[in-house]
Structure formats: C-alpha cells, structure tokens
Amino acid sequence: MVSAILLVGIVVAVFVGFNIGGSSTGIAWGPAVGAGVIGKTAAAALMSIFVFVGGWTVGRNVIETMGGDIVPAEIFTLQASIIVLFFIGLGMLVANLFGVPVPTSMTAVGAIAGLGLATGTLDMVVMGRIISWWVVTPILAFWIGGIVGRYFYPYLDRFFEIRQSSGPLLTLERSGLVPQPAMGPGTTGKELATTILIVVIACYMAFGAGASNVANAVAPLVGSGALDIGGYDGTNLGIAIGALAISLGGFTIARRTMEAVGNDLTELPLLAALIVAVTAATITTFLSAIGIPISLVMATVMTIVGLGWGRASRTATITGLARGEEELELSMNVLTQETPEEVPKIGEEEPEDILEADDLVRPAAVARFVAFWIIGPSASAGLAYAFFLVVPI
C-alpha cells in the first residue's frame, strides 16, 4: 500500500518537475524556437523523449550526489524530502511566473544544503566541489562563446552561409497518389541540412537537461528510500516520475521561457543557435556524467552573451584595448549582421559595419537572468534552513 504521505511527496515532486520543465525546455529549445526552426509544441514533444533518456542514463550519477552525498541519505526522511522539494518548487515557480529560466540544479542544491546546515550534516567537501564548478561554468561558457565569436564566427558564417528563407521549410507535394514532402519554395539543401542539425543538437540539449534536472525533482524522495516499493530500487520509478513531470511543464508554462530565451535575450540566427546549443549541452552533459548538479540555464545564457561579445569585439585589437587606445562598442545585434565576402581582420572592422540600434545582448535581460540565478538558490537555502531549525526532523 502506498501511504498518504508518500502520495503527497510524489505530488510535490511532480510540482517541482513541472516547474523544471518550464525552465529547462525554454533553455534547450529557446534558441531553435527563436530562430524559427521549430514550433513550441513539437519542441515540447521532443523534449519529453530526450529528458527521459538523459535521466535514465547519465542522470543517475546526479541523483546519487543529491540523494546521499551532499547530506547523508538517512537525513532524507520522507517528511524532510517533501519539505525540501516544496522549497525547490517554490523558488522555480516564482522565476517561471516572471518568464525567467531559473537554474534548477542550484535551487535544488540550495534547499538540500539548507537542510544540511540546519541538521549539522552538510558535507562541505562535496558542496565545495559543486560550488567550484558553479563558479567555473559561466566563465567557461562565456569564454568559449567569446573565442568562437571573436576568432571563428565570421569565417564560419561565410563558409556555411546559413540563411533562412522566408517561406515554409518543407511542403507536401500532392501531385501523386501519396503526398510526399518537398523543400519549400525558397529552401536550399544547406538550409534544410542545417535546420535538421539544429534540431538534433537541441535534442542533445534536452538529453543534457534530463541528465541534470530529473534529479532535482526526485533525488530527495529517492534518497529517502520511499520509492523502494516492493523491494525494488526506487531510482527507476523516480526517473519516470521526474521525466513525466518535466514533460508536462514543457507543454505548458515553458512557452513563456522559450520566448524569453529565443526572443527577449537575443535574436539568434541559425549558426549562432547551433553554436550555443553545442557548447551548453556539452558542458552540462560532461558535468552531469561526473555527478555535478549543474545548470543548463547558466551555460546557455553565458554562451549567448560570450558569442555576442566576441563578435562585437572584432572592431578592436587586444593590444589596443589593453593600452586604452581603442574603445569597444558592444551591440547585441552583431550576430545577425551580414558577413562581408572577405572577412576583415581583427581591428580592421569598423563599428558601424556591425552595430545597429538594437542590442544583441540586452543588458536588462541579462541582469534579470543573473539576479534570479542568485535569488533562486539563496531563497531555497534560506527557507529550508529556517524551517528545519524551527521544525527539527
């Protein structure tokens, strides 16, 4: 028999997973949706499939870290697990209501750390290892994006010449007995191939989201042993519950965060969306494989910012900037500019050649994202700490 309190725990886990789906779907598919490659419903469907695969495979390592390494597994009583999950979900719900993709792993670890601090059981070595990667990840993502944007992006843009046609990508040819798919009126083979590649990479991002984020929804319940029903390891059941809940969020509240990432932060062309997806998914999947709860949000946003900064910085040389002889004018619309037939060398490109009135990386949007990265984990840790001090487990 499943107890009433376990049902409450599962409901709270679904609530958390639902909000994770709202955040991580926006991050995984926002660039592709913003670039007009895929619709929101199709993105949510593919997200559901690959989140489950990521959680079932690599995600087990993150569940182990969050369910028994940050604090001992015996601290996760069923009641404590429910309270921790509640604070995780609450932090993410607030961010989703503002249309900001919250760093779910950081919020989840914050709530667990609050429990550990209140009970004196927090493993500081494990927390130090996790936090060190939290510091390194945005820096790494920014500089990868910056290096690609400054030294390679214009050449890649000229080589691939990825341009989106104005009409539909594919149409149905109905001249025969059976309708057959055909390229749209303005679609080129290169555009079609690139679009397919972007969808594949977004699926890779969804895999990374599952590897990292399924644990955020169910690790406390798995750690408590409450899902070990009938003598079976509850990890598999927990992964299924978490993946289903994330899928529900992807089909509903994720629509707003897909808009926020794909349109509010920057206008991403196809090539930029591809670079962002590859970088963020690779960082997230690697860290999940070694058991580090990491934020796909952080890697994605900072890659976008770095890519735009790097592209805009081509107007000045490093030596000139260091000596104060040249000023760097940043615009966020530089990734959408047409690259000349012959790419100018660094320092030879004029600012007016790449700058427009609109910004590529909008400072207000970036500030809003970063603020919630700090507020979400801090709020979940503080609330959990205060609660477990007042109500000992």
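Phe388 counts as buried because its relative accessibility is 3%, where buried means under 20% relative accessible area, exposed over 50% and partly exposed in between (1.4 Å probe, protein chains only). The model is predicted, so that local features need pLDDT of at least 70 and side-chain atom pairs count only at pLDDT 80 or more, while totals for chains, interfaces and linings use all residues. Residues are numbered from 1 along each chain as its sequence is written, and side-chain values use heavy atoms, with hydrogens and water left out.

Phe388 forms an edge-to-face aromatic pair with Phe387, at 5.4 Å centre to centre and 90 degrees between the planes; rings of Phe, Tyr and Trp (its six-membered ring) pair if their centres lie within 6.5 Å, with planes under 30 degrees apart counted as stacked, over 60 as edge-to-face and the rest as tilted. Phe387, at 28% relative accessibility, counts as partly exposed. Both residues belong to one aromatic cluster together with Phe86 and Phe87, and the count of aromatic pairs comes to eight.

Helix 2 (residues 40-56) has 17 residues, which at 1.5 Å a residue should span 24 Å, in agreement with end C-alpha atoms that are 24 Å apart; the expected span is 1.5 Å times one less than the number of residues, and helices (H or I, at least four residues) are DSSP runs numbered from the N terminus. The buried residues of helix 2 are Ala43, Ala44, Met47, Ser48, Val51, Gly54 and Gly55.

Phe152 is placed in helix 6 (residues 124-160) and, at 44% relative accessibility, counts as partly exposed.

Notes:
Helices (H or I, at least four residues) and strands (E, at least two) are DSSP runs, numbered from the N terminus.
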